Amino acid sequence: MTSLSILDLAPISSGGTAGQALRNTIDLAVRAEQYGYRRYWLAEHHFAAGVAGSSPAVLIALVAAATSRIRVGSGAVQLGHQTPLSVVEQFGLIDALYPGRIDLGIGRSGQRRAELATSGAPVTPARVVDGLLIPEPFDWSVLAKHPQLALQAALLQQPGATTPDFAEQIDEVRAFLRGTHRARAVPGTGAEVELWILGSSGGQSARVAGERGLPFAANYHVSPSSVLEAVEGYRKAFQPSEVLAEPYVIVSADAVVAEDAATAGELAKPYGLWVRSIRTGQGAIPFPSPEEADAHVWTDSDRALVRDRIDTQFVGDPDTVAERLRTLQRVTAADELLVTTITHAHADRVRSYELLAKAWADQP
């Protein structure tokens, strides 16, 4: 059976605090282990009032300490803001305490932002592929030029610093882990860390993962329009390595599950308003309540801004969402699925994951 895993952003709900969000993350991780999820990944986000996960390594250590079996990792460390050595030392330190359970997922979002600012998205119509919606792509070029994002990018790096080529950084991370680098990372060298590359397109991330024979995570939940391009690019570039003999892909999806479709729809109401906050450049706001979402007056431009994410969020009763996830798995030929769920109330999020795990195990 294809495994289910979890991607957690440590969301802060409206009226809540970062401390509450982090305690919720640890609680959910403990429950996810009980429910049978394979991995628990933490995302890296900065300058977002609604997200507490600014330091994946710190949060991974806390989650690993609270659990005993589930794999814990990053989805993903933004390598454009750190050196390969600092990343290997952080994850090597965690692995020294929890050997064989730590995943180091790496992304190039910092570098990719600069590319997106110089080119618009190709205009391709929405289509359905074997039951899976591939929406019209979101044009990231306007958001990537937002002055607030430029300020944030500058604050994340030392003055005058430039980010090396992503492939070179990955090779340096691998050299530190293998012990083939001229310098030795302590801790880090020889760590039993599972290295992953995350990507939203068939570009450099997919190629680097494939050419180096590493596992690859494709983002249907962030960039649903390009998920097929991403997995195809990875598989096309794949070369067997000491890590993998064949390609290995995990695909992400947003989902909200409740006992019935009406309840799930109510819980999912705030998602569009939350995505809107990200895509207008203000950063993820504290996750609204359904009542706060109802109070927002939507314009046509608002709806267009978030349509691809709303249309590709899997919302409903357990069997319905499980079936839609199986369609995603079939169309992408994913080896695992990575589910991310955000609701205003923590109990609803926990229940969503519990119901999904049971439905997934019960379906043939």
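Keep in mind that the model is predicted.

Let's start with helix α7, residues 166–178. Two of its partners are worth a look: helix α3, residues 84–97, and helix α8, residues 204–211.

Take α3 and α7. Their axes come within 9 Å. They cross at roughly 40 degrees. The two helices are therefore oblique to each other. The crossing is right-handed. Who makes the contact? On the α3 side, P84, L85 and V88. On the α7 side, Q169, E172, V173, F176 and L177. Sort those residues by class and you get six nonpolar, one polar and one charged.

Now α7 and α8. Here the axes are 10 Å apart, and the packing angle is about 35 degrees. This crossing is right-handed too. From α7, the contact uses F166, A167 and I170. From α8, it uses Q204, S205 and V208. The class count is four nonpolar, two polar and no charged.

Next pair: α14, residues 318–332, against α15. Their axes come within 9 Å and cross at roughly 65 degrees. That makes α14 roughly perpendicular to α15. Again, the crossing is right-handed. α14 brings P318, D319, V321, A322, L325 and R326. α15 answers with L355, L356, A359 and W360. By class, that contact has eight nonpolar residues, no polar ones and two charged ones.

Stay on α15 for a moment. The helix runs over residues 346–362, and H346 lies in it. What does the side chain of H346 pair with? The side chain of D27, in a polar contact of 2.8 Å. Leaving out residues up to four places away in sequence, H346 touches N24, D27 and L28. For orientation, α1 covers residues 18–35.

On to charge pairs. Side chains of opposite charge can pair when their charged atoms come close. How many salt bridges does a search of the whole structure find? It finds 21. Here is one of them: D103 with R71. Their closest N and O atoms are 2.8 Å apart. This pair links distant parts of the chain. D103 sits in strand β5, residues 102–107. R71 sits in strand β3, residues 71–74.

Last topic: the backbone. A76 is in the loop between β3 and β4, with β4 at 77–78. So much for that loop.

Another is the bond from V186 to P187, also cis. Its omega is near -10 degrees. P187 is placed in the loop between α7 and β8, and β8 spans 194–199.

A10 has phi near 50 degrees. That is a positive value in a residue other than glycine. Where is A10? In the loop between β1, residues 3–8, and α1.

Look for α7 with α3 at roughly 40 degrees, and α7 with α8 at about 35 degrees. Then find the side chains of H346 and D27, and the D103 to R71 salt bridge.

Technical notes
Residues numbered from 1 in each chain as written. Predicted model: local features only at pLDDT ≥ 70, side-chain atom pairs only at ≥ 80, totals over all residues. Heavy atoms only, no water. Axes fitted to C-alpha atoms, helices over the stretch in contact; angles between N-to-C directions. Helix = DSSP H or I, 4+ residues; strand = E, 2+ residues; numbered from the N terminus. Parallel < 35°, antiparallel > 145°, perpendicular 65-115°, else oblique. Left-handed = near helix turned anticlockwise from the far one by under 90°. Contact = heavy atoms within 4.5 Å. Nonpolar A, V, L, I, M, F, W, Y, C, P; charged D, E, K, R; others polar. Polar contact = N/O pair within 3.5 Å; in protein donor to acceptor, adjacent residues only side chain to side chain. Salt bridge = Lys/Arg side-chain N within 4 Å of Asp/Glu carboxyl O.
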